[in-house]
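Let's take a friendly walk through a protein structure. Have the picture open while you read, and look for each residue as it comes up.

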Amino acid sequence: MKKLLFPFAALLLLSACDTLQDISEVILEEPIATQPALTNAEVISGLKEALKIGAEKAGNLASAADGFYKNELLFIPFPEEAQKVKETAIQYGFESQVEQFEMTLNRAAEEAAKEAAPIFVNAITQMTVADGFAILNGEKDAATKYLKDKTTAELTEKFRPKVSQAIETVNLTAYWEPIITKYNTVNILTGGDDINPDLEAYVTERAIQGLFVHVEAEEAAIRENPQARVTELLEKVFGSLDN
């Protein structure tokens, strides 16, 4: 009986070996699915798309009621170079006017931010990027920093007229003039130097800084949170960072 079983078992073993070999050949012949390699052009497009989304959200958040005034990260304080004006005004009973001026200062920034997104998006579209991978693999705010370096001068030039309109809309100078007039009146007696900062330049600079805060936050979210990657391109480009 044992003599009969041995050849049968050997036959089964040889048959199993042949089957395994056939399976292995099939597996080796099947191509392994891999993620298509990213090109520099795709990375650049992905970075620009992330910045555009950030710019649009920045405009919406900053232009909302109290978007600057009650946001400690964006709040625009009394101009630093005019602290003597503030102190003198408060000393002479103008504290409520100072508070009203600071609130209106921030209202001007909120009003101007309504026009910010198209200016930012245009700057992003025109921005030239040589090495997208260097930015993609950089810090969590690398794209925002690049945008800031490359476009701040252009943004300032195009954004300042919007700020000027906003200042007129919220009547900022009406709150500033009594304060600076009081300060200059005191200066006549004390012999101090007149100080009258360029409010347009000040609001423009601080408003752009505030908008970049939101753009930076959105870039960080897209880098770190897959759910923030709302397009296929963003998922492909920034998803590569998860590996």
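The sections below go from the inside of the model to its charged pairs.

## The nonpolar core

Keep in mind that this is a predicted model. Its largest nonpolar core holds 63 residues. Within that core, Val85, Phe120 and Phe159 touch the most other members.

Setting aside neighbours within four places in sequence, Phe159 is in contact with Ala112, Ala113, Ala116, Ile119, Thr204, Ala207, Ile208 and Leu211.

## A buried threonine

Now look for Thr144, which sits in helix 7 (residues 142-170). Is Thr144 buried or exposed? Thr144 has a relative accessible area of 1%, so this residue is buried. If residues up to four places away in sequence are not counted, Thr144 touches Leu51, Phe212, Val215, Glu216 and Glu219.

## Helix 4 and its length

Helix 4 covers residues 95-113, which makes 19 residues.

Which residues of helix 4 are buried? Among them are Val98, Phe101, Glu102, Leu105, Ala108, Ala109 and Ala112.

## Charged pairs

Side chains of opposite charge can pair when their charged atoms come close. The model has 13 salt bridges. One of the pairs joins Lys57 and Glu218, whose closest N and O atoms are 3.5 Å apart. Lys57 lies in helix 2 (residues 40-62) and Glu218 in helix 9 (residues 199-224), so this pair ties together parts that are 161 residues apart in sequence. Lys57 is partly exposed, with a relative accessible area of 40%, whereas Glu218 counts as buried at 10%.

Another pair is Arg229 with Asp242, where the closest N and O atoms are 2.7 Å apart. Arg229 lies in the loop between helix 9 and helix 10 (232-239), and Asp242 lies in the segment after helix 10, so the bridge ties together parts that are 13 residues apart in sequence. Here Arg229 is buried at 6% relative accessibility, while Asp242 is partly exposed at 47%.

Glu111 and Lys114 also meet through their side chains, at 3.1 Å from N to O. Finally, look for Asp66, Lys70, Arg107 and Glu110, which are linked in a network of salt bridges.

Notes: Residues numbered from 1 in each chain as written. Predicted model: local features only at pLDDT ≥ 70, side-chain atom pairs only at ≥ 80, totals over all residues. Heavy atoms only, no water. Core = buried A, V, L, I, M, F, W, Y, C linked by side-chain atoms within 4.5 Å. Buried < 20%, exposed > 50% of the residue type's maximum accessible area, 1.4 Å probe, protein only. Contact = heavy atoms within 4.5 Å. Helix = DSSP H or I, 4+ residues; strand = E, 2+ residues; numbered from the N terminus. Expected span 1.5 Å × (residues − 1). Salt bridge = Lys/Arg side-chain N within 4 Å of Asp/Glu carboxyl O.
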